[in-house]
Amino acid sequence: MRRFVPLWVLWMLLPVGAFALNGGLPAAPVDVDRSTPAAAAAGFLDAAHARDASRAPHYLDLSRLPPETQAEEGLKLARRLVVVMDRTLWLDFARIGKEPAGTGERARREVLGQVATSRGPQDIVLERVDSAGGPVWVFSADTVGAIDTLFEEHGSPVLEMLPPVFFTRPLWVLETWQWLGLALVLVGAWALGRLVEAVTLRVGARAAGLTKSGWDDELLAAGKGSIRFVLAGMLAAAGARLLKLPPPAQAAVDLGARSLIIVAAALFFLRFLSRAARFVEKKVAQSPEGTDVARVRGLRTQLAILRRVVEVAVVLVAASLLLLQFEAVRNVGVSLLASAGIAGLAIGLAAQKSLSTLLAGIQLSITQPMRIGDTVIIENEWGWVEEITLTYVVVKVWDLRRLVIPITQFLEKPFQNWSKVSPEILGTAELYVDFRTNVPAVRAELKRILEQESNGLWDGKVQGLQVTDLSERTMKLRALVSAADSGKAFDLRCLVREKLVAWLQAQPHGLPLVRAEATPLPLLEEKAVGPALLAARAGNG
């Protein structure tokens, strides 16, 4: 007895390409190029983005759909597929076949990529099938059958309600609606970031007012202006994901958001370091230890140098994080790490002077041979230490010039520091007077000047007058006075010198006199002189 195989079984066993491809569609336009996988992929993206109903369905294998619904459903499925591909795949056309048929498995199938779903990855496949005009490449029937499921997870029904004009690509890889949505996301993220920052600062200020510590106030002040950028970056990155941007666009948005967050965080740390240093200086100045000028200057110097060290570290870390976001820089970094030994030796030799200068700055902040505000004499110049950096020191000279000196010079060469232990200093005023000058009276006048006419320049600790030298014509007096710092000492010395000279001018024997002694010559004997000499003397008389 013969057994007949049912017709529907033969239908299922035959390949799909054996039947007419998309019999419910009109003839494909001449500009529909499906000869190679690359041409089919590029043509589909162009037609689907343009919402071209005459071209887009022809790139899909619609054989599993009834012929009467292929035209309408084909355009719908093409729109949904391009939305899914834009958001989940970025096609590398360099890897897509450019020949009508490849070798092996690629002779009839080209896998463009995989889309993640809740039920596992779904292959997006181009398949070579037979048509009335010969073999063509179209999206496989299995891929077409999975489009609705993929769209439910990676698309949105709202997209199908927008007019077709919003789905054109006016610039780069983004469609019009995506550009508009991205602009709204950025503006909304900025506005929401400012709002959240204002609320945070207001709430934080009220909470800080309940505490006695000032660190919370400094923290809030440093965060003003930085919080909004951090929040804006986070909100922009999160909001862009709602737009289902293509991978390149989403990567660009994420890159910008991360860069903004890194820069904002670095600025926050730099501002907090600056405010924290001033806060510590203010606290020390208000404490009982604030009367110790040497301690205050030492702390100020340490904070200035250490703050610059930390600032350099923060900038380097921020710059490294920014650069490491780029693939090219990461590749360079891996290459450098592979040759770290040679690179480290070369950098060490090249930067030996710079590293020694940097270490000298750190050493100076620890040992403190001089501090900010100290009075020093270096290079035969007298001035105050105005600024200390990691590489140089700025000395403000008395005539307002600035002397910039390498920091290593303060560790390698001697210099005078007039306020190393204390800014208090002694000063002298020397005068040349007559031998008959009343020294006790001058000493009393010096005391009167210091007590009544010094105008606060004299600190009331040291005053004295001594005869320090004698010459054949004058006597030298030295007035010794004390002041709180070198600037006041200089002004006080000038004042004492001026007042004592004025007082000596009024004394009968104050200023030195030039003395000369006259001795009469004895007359010679007239008998020895002769008549001519006597006559001459008489004429002179």
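**Entry 1: the sheet with β9, β10 and β11**

I began with an open sheet of three strands, ordered β9-β11-β10 with antiparallel pairing. I noted that this is a predicted model. Why is one side of β9 and of β10 left without a neighbour in the sheet? I found that β9 (425-433) and β10 (458-470) are at the edges and each has a single partner strand, so one side of each has no neighbour there. From one strand to the next, I read an average twist of 20°.

I then went through the pairs. β9 and β11 run antiparallel and are joined by nine bridges. In this pairing I found Glu-430 opposite Arg-478 of β11. β10 pairs with β11 (residues 475-483), also in the antiparallel sense, over eight bridges. Here I looked up Val-467, and its bridge partner in β11 is Leu-477.

**Entry 2: what lies on this sheet**

I looked next for helices on the sheet. Helix α16 (residues 486-505) packs on it and touches β9, β10 and β11. The direction of α16 makes about 20° with that of β9. Helix α15 (residues 439-452) lies across β10 and β11, and I read its angle to β10 as about 155°.

Which residues of β9 are on its covered face, and which on its uncovered one? I listed Ile-425, Gly-427, Ala-429, Leu-431 and Val-433 as covered. The uncovered face has Leu-426, Thr-428, Glu-430 and Tyr-432. My reminder for reading such a list is that side chains in a regular strand alternate between the two faces of the sheet.

**Entry 3: the sheet with β1, β2 and β3**

I moved to another open sheet of three strands, in the order β1-β2-β3, and its pairing is antiparallel. I noted β1 (109-115) and β3 (136-139) as the edge strands, each pairing on one side only. Ignoring direction, neighbouring strands here are turned by 20° against each other on average. How many bridges join β1 to β2? I found six between β1 and β2 (residues 122-129), which run antiparallel. One position I checked was Gln-114, which stands opposite Asp-123 in β2.

**Entry 4: helices α6 and α8**

I wrote down first that two packed helices are described by the angle between their axes and the distance between the axes. For helix α6 (residues 176-209) and helix α8 (residues 227-242), I read an angle of about 140° and axes 8 Å apart. The crossing of α6 past α8 is right-handed.

I then looked up the residues that meet. From α6 they include Leu-182, Val-185, Leu-186, Trp-190 and Arg-194. From α8 they include Ile-227, Phe-229, Leu-231, Leu-235 and Gly-239. Sorted by class, this contact of α6 with α8 has 15 nonpolar, two polar and three charged residues.

**Entry 5: salt bridges**

My reminder for this entry is that side chains of opposite charge can pair when their charged atoms come close. I found 12 salt bridges in the structure.

One of these salt bridges joins Asp-46 and Arg-55, with the closest N and O atoms 3.2 Å apart. Are the two partners buried or exposed? Asp-46 is partly exposed, at 45% relative accessible area, whereas Arg-55 is buried, at 11%.

Another joins the side chains of Arg-401 and Glu-381, at 3.1 Å from N to O. Where in the chain do the two residues lie? Arg-401 is in the loop between β6 (392-397) and β7 (402-406), and Glu-381 is in strand β5 (residues 381-388). They are 20 residues apart, and the pair links distant parts of the chain. I noted Arg-401 as partly exposed, at 39% relative accessibility.

I also looked up Arg-448 and Glu-453, whose side chains meet in a salt bridge of 2.8 Å, N to O. Arg-448 is partly exposed, with a relative accessible area of 29%. Glu-453 also counts as partly exposed, at 23%.

**Entry 6: the whole protein**

Last, I took down the totals. The protein has 18 helices and 11 strands. Of its 541 residues, 36% count as buried. Among contacts between residues at least 6 apart in sequence, 65% join residues at least 24 apart.

How values were computed:
Residues are numbered from 1 along each chain as its sequence is written. This is a predicted model: local features need pLDDT of at least 70, side-chain atom pairs count only at pLDDT 80 or more; totals for chains, interfaces and linings use all residues. Side-chain values use heavy atoms; hydrogens and water are left out. Two strands pair if DSSP finds at least two bridges between them. Helices (H or I, at least four residues) and strands (E, at least two) are DSSP runs, numbered from the N terminus. Axes are lines fitted to C-alpha atoms, for helices over the stretch in contact, and angles run from 0 to 180 degrees between N-to-C directions. Contact means heavy atoms within 4.5 Å. A salt bridge is a side-chain nitrogen of Lys or Arg within 4 Å of a carboxyl oxygen of Asp or Glu. Buried means under 20% relative accessible area, exposed over 50%, partly exposed in between (1.4 Å probe, protein chains only). A crossing is left-handed if the near helix is turned anticlockwise from the far one by less than a right angle, and right-handed if clockwise. Ala, Val, Leu, Ile, Met, Phe, Trp, Tyr, Cys and Pro count as nonpolar, Asp, Glu, Lys and Arg as charged, and the others, Gly among them, as polar.
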